[in-house]
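Hello,

Here is the structure I promised to pass on to you. Please open it beside this email and follow along as you read.

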Amino acid sequence: MNNSRIKQVMSAVFEVPLDSINENSSTDNLENWDSLRHLNLILALEEEFGVSIPDEEVGNLVNFKLIELTINELVK
Amino acid sequence: MKTYAEIQVGQKETLHHIITSEDISKFVELTGDDNRLHVDEKFASTTPFKKPVVHGMLGASFISTIIGTKLPGDGALWFSQSLEFLLPVRVGDELTITAEVLKKHDKEQIIELKTEIHNQNKQLVTKGLAKVKVIATEKPETQTAKIEAPQRVALVIGGTGGIGMATCLQLAKDGFDLIVHYNKNKEKAEAIKTQIESLGRKALCIQSNITDDKEIQHMVEKGLRNFGRIDVLAHCAASVIPNIKFQDLTWSDYTKQFELNIKSSLSLIQALAPGMIQEGYGKIIHIGSLAADKPNADWSAYITAKSALEGLTKSLAFELAPKGIRINMVSPSLVSTELTADVPEKIKLMTAAQTPLRRLALAEDVAGVISFLASSKSDFLTGENIRLNGGQIMY
């Protein structure tokens with residue numbers, strides 16, 4: 001469930017088709033994932049899931065799997 | 001190449017060669033000596049020899065061959081030669097060139113050789129006396145040839161762990177016979193032995209508590225009894241790294257890590273060194289950790305011990321290098337093994353994401369570096385710490 005919602009958020013923030021987001025998406029392979037959009041992504045994830053992502057985690061969320069793990073921890 | 005000590009008075013070497021027209025053409029081309037007695041049949045027929053005579057130095061040049069390739073061989077410095085050409089040599093003659101050691105001059109490392117050339121009719125056609133200095137090479141054969149020999153033996157401590165097992169299999173593929181040390185997991189050690197044997201190498205499993213000096217000595221003696229030699233030690237033993245907060249640390253947390261990393265390494269080197277010194281060759285490989293360069297919280301005892309291991313590696317590498325023993329270290333980042341199975345998935349993902357090569361280290365990556373350190377390819381490397389971390393730390 002969280003998986004598809006994260007993909008939708010990433011698709012919207014990075015302005016790429018939903019089907020281009022997958023488990024291996026990361027700052028290495030999504031060209032639009034720059035530092036500015038990264039902050040937008042954090043805000044969008046916080047809004048979507050109603051959570052507050054700790055400052056020390058913000059820099060770590062550099063790929064889909066890490067985002068999913070962190071969101072799953074925060075929404076428990 | 002024979003060393004001076006190996007050469008004995010009376011020792012003899014022989015070479016055969018059939019003289020052809022092509023030999024003469026090449027000799028003329030090289031030296032410019034186109035004396036018609038050697039190359040012109042008509043001219044030769046007008047001389048008492050009636051047929052062309054082979055250049056005397058062509059035959060004599062095979063004395064150079066026998067000195068340079070057989071007695072003493074590579075590195076020989078041929079500095080004096082007397083020659084008498086007793087009979088003519090013709091095309092088609094089958095020459096037997098012999099060199100026999102007449103005398104040795106120990107102080108100067110010079111040998112005197114009786115050099116003779118006979119033809120197919122056992123007639124002596126050329127005779128002389130050669131003087132040759134036997135030159136020792138800078139790289140003693142014992143330091144390279146022995147490690148390439150098929151009977152190389154490696155002792156892998158912690159052979160049943162992730163890195164240890166990958167190391168055993170890699171070294172078996174490299175041609176080593178293996179002593180697989182284990183602490184508790186006999187079944188796995190036996191399974192690894194079977195895999196090593198399927199690669200065509202011999203293997204012996206030995207159980208030992210490596211924090212006990214006597215058990216280490218016993219293990220090394222048993223290994224030597226079975227294989228006769230141990231060329232390489234790869235110390236891959238490890239334990240689960242406990243997470244202990246600063247305020248909870250006790251000295252015993254440190255001594256546990258020091259016993260496993262420092263005491264056992266020292267005891268192993270002390271047990272293996274006599275044999276390696278006798279051979280003039282040995283390789284010791286320790287496993288360090290990226291954490292010693294890039295520390296993380298709660299691992300103080302482990303990090304301190306791994307840092308100390310680098311000190312042990314460098315200090316003993318310096319001391320034992322003149323004896324031919326090389327001691328090096330591989331310091332991997334987080335390796336995906338059974339030992340790290342309990343590390344949270346998030347930490348593994350973060351580590352991979354922060355690694356320029358974007359993955360965790362594999363046991364096979366570590367085994368690959370150990371393979372290099374165990375091989376003769378790294379013979380000029382000692383006291384080095386090879387950082388295997390996908391680019392996380394670059395010096």
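In chain A, which has 76 residues, 43% count as buried, where buried means under 20% relative accessible area, exposed over 50% and partly exposed in between (1.4 Å probe, protein chains only). This is a predicted model, in which local features need pLDDT of at least 70 and side-chain atom pairs count only at pLDDT 80 or more, while totals for chains, interfaces and linings use all residues. Residues are numbered from 1 along each chain as its sequence is written, chains are lettered from A and ligands numbered from 1 in the order in which they are written, and side-chain values use heavy atoms, with hydrogens and water left out.

Chain A contains four helices and zero strands, in the order α-α-α-α from the N terminus on. Helices (H or I, at least four residues) and strands (E, at least two) are DSSP runs, numbered from the N terminus. Of the contacts in chain A with a separation of 6 or more, 49% are between residues 24 or more positions apart; a contact means heavy atoms within 4.5 Å.

Is A:N60 buried or exposed? A:N60 counts as buried because its relative accessibility is 15%. Leaving aside residues up to four places away in sequence, A:N60 touches A:L66, B:M350 and B:Q354.

Now to chain B and its helix pairs. Two packed helices are described by the angle between their axes and the distance between the axes. Axes are lines fitted to C-alpha atoms, for helices over the stretch in contact, and angles run from 0 to 180 degrees between N-to-C directions.

Helix α9 (residues 251-279) of chain B packs with helix α10 (residues 300-320) of chain B at an angle of about 20°, and their axes are 8 Å apart. The two are therefore roughly parallel to each other (angles under 35 degrees count as roughly parallel, over 145 as roughly antiparallel, 65 to 115 as roughly perpendicular and the rest as oblique). The residues of this contact divide into 13 nonpolar, five polar and two charged. Here Ala, Val, Leu, Ile, Met, Phe, Trp, Tyr, Cys and Pro count as nonpolar, Asp, Glu, Lys and Arg as charged, and the others, Gly among them, as polar.

B:Q257 is buried, at 6% relative accessible area. Its contacts, not counting residues up to four places away in sequence, are B:S239, B:P242, B:I262, B:A301, B:Y302 and B:A305.

A second pair is helix α6 (residues 162-173) and helix α7 (residues 186-198) of chain B, packed at an angle of about 20° with axes 10 Å apart. That makes α6(B) roughly parallel to α7(B). On α6(B), the contact is made by B:M165, B:C168, B:L169 and B:A172, and on α7(B) by B:K188, B:I192, B:Q195 and B:I196. By class, there are six nonpolar, one polar and one charged residues.

Finally, look at B:H118 in strand β4 (residues 110-118) of chain B. B:H118 counts as partly exposed, at 22% relative accessibility. What separates the C-alpha atoms of B:H118 and B:T96, 22 residues apart along the chain? The separation is 5.2 Å. B:T96 is also among the residues that B:H118 touches, including B:E94, B:L95 and B:Q123.

Happy exploring!
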